Amino acid sequence: MISRGFGAGEDLAGARAACENGGANATGEKIMDERQFYDEKEETKQIPLVCPHCRQEGTFPVRWMVRTKKAQPPRGGNEEDRAKFAKARSYMVRIDNLVACRNIKCRKRFDLTGQTVFLI
Ligand SMILES: [Zn+2]
């Protein structure tokens with residue numbers, strides 16, 4: 001790593017953590033992040049797929065980001081934020097776009113097709 005010994009990586013991580021802890025240092029206009037409406041968690045689902053190269057069937061682990069709408073709107077929001085929250089729906093977004101075939105004679109990567117976002 002190039003940054004090793006300079007502490008650059010640590011500084012970056014520190015700044016990011018401070019940001020996630022709730023922008024107490026925010027001044028002026030604030031924009032409510034849509035992510036505050038949701039609890040996020042990553043989930044891996046086993047999806048049955050057929051390799052387009054060798055036609056072998058298999059189940060592949062595919063990662064999804066699941067955003068579950070919180071029970072209450074975030075505190076400190078204005079009317080617009082509450083309206084947005086009311087309309088918000090839980091959903092999941094696919095993280096992985098590629099899977100690798102498990103057939104040792106093939107081993108090609110192929111694109112996942114279909115929807116990348118599902119309302120849940
Ligand atoms: Zn294959």
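Reply: To begin with the confidence score, pLDDT is the predictor's confidence in each residue, from 0 to 100. This is a predicted model, in which local features need pLDDT of at least 70 and side-chain atom pairs count only at pLDDT 80 or more, while totals for chains, interfaces and linings use all residues. Residues are numbered from 1 along each chain as its sequence is written.

Me: What pLDDT does the protein chain average?
Reply: Of the residues, 74% score at least 70. Over residues 1-28, by contrast, pLDDT stays under 50. For that stretch the model has two contacts beyond four places in sequence, a contact being a pair of residues whose C-beta atoms, placed from the backbone, lie within 7 Å. The average for the protein chain is a pLDDT of 80.

Me: Which pattern does the protein chain follow along the sequence?
Reply: Helices (H or I, at least four residues) and strands (E, at least two) are taken as DSSP runs, numbered from the N terminus. The protein chain has two helices and six strands. Read in sequence order, the pattern is α-β-β-α-β-β-β-β.

Me: In what order do the four strands of the open sheet lie?
Reply: Two strands pair if DSSP finds at least two bridges between them. Strand 1 and strand 2 (residues 57-69) are joined by 13 bridges, and strand 2 is joined to strand 3 (residues 91-94) by four. Strand 3 and strand 6 pair over three bridges. The pairing is antiparallel, and the order is 1-2-3-6.

Me: Which strands are the edge strands of this sheet?
Reply: In the open sheet of order 1-2-3-6, an edge strand pairs on one side only. The edge strands are strand 1 and strand 6.

Me: Which residue is the bridge partner of Lys-45 in strand 2?
Reply: Strand 1 and strand 2 run antiparallel, and Pro-48 stands opposite Thr-59 in strand 2. For Lys-45, the bridge partner in strand 2 is Val-62.

Me: Which residue takes a positive phi in the hairpin of strand 1 and strand 2?
Reply: This hairpin has six residues between the strands. The positive phi is near 70°, and the residue that takes it is Arg-55.

Me: How many residues of strand 1 are buried?
Reply: A residue is buried if 20 or more other C-beta atoms lie within 10 Å of its own, exposed if 12 or fewer, and partly exposed in between, with C-beta atoms placed from the backbone. Buried residues make up 5% of the 120 residues in the protein chain. Strand 1 (residues 38-50) is hardly covered, and among its 13 residues the count of buried ones is zero.

Me: Is Lys-105 buried or exposed?
Reply: Lys-105 lies in the loop between strand 4 (98-100) and strand 5. Its C-alpha atom is separated by 8.7 Å from that of Cys-54, 51 residues apart along the chain. Because Lys-105 has 8 C-beta neighbours inside 10 Å, this residue counts as exposed.

Me: What separates the C-alpha atoms of Thr-116 and Arg-94?
Reply: Thr-116 is placed in the loop between strand 5 (109-111) and strand 6 (117-119), and with 13 C-beta neighbours inside 10 Å this residue counts as partly exposed. Leaving aside neighbours within four places in sequence, Thr-116 is in contact with Val-93 and Arg-94. Arg-94 also stands opposite Trp-64. Thr-116 and Arg-94 are 22 residues apart along the chain, and their C-alpha atoms are separated by 5.0 Å.
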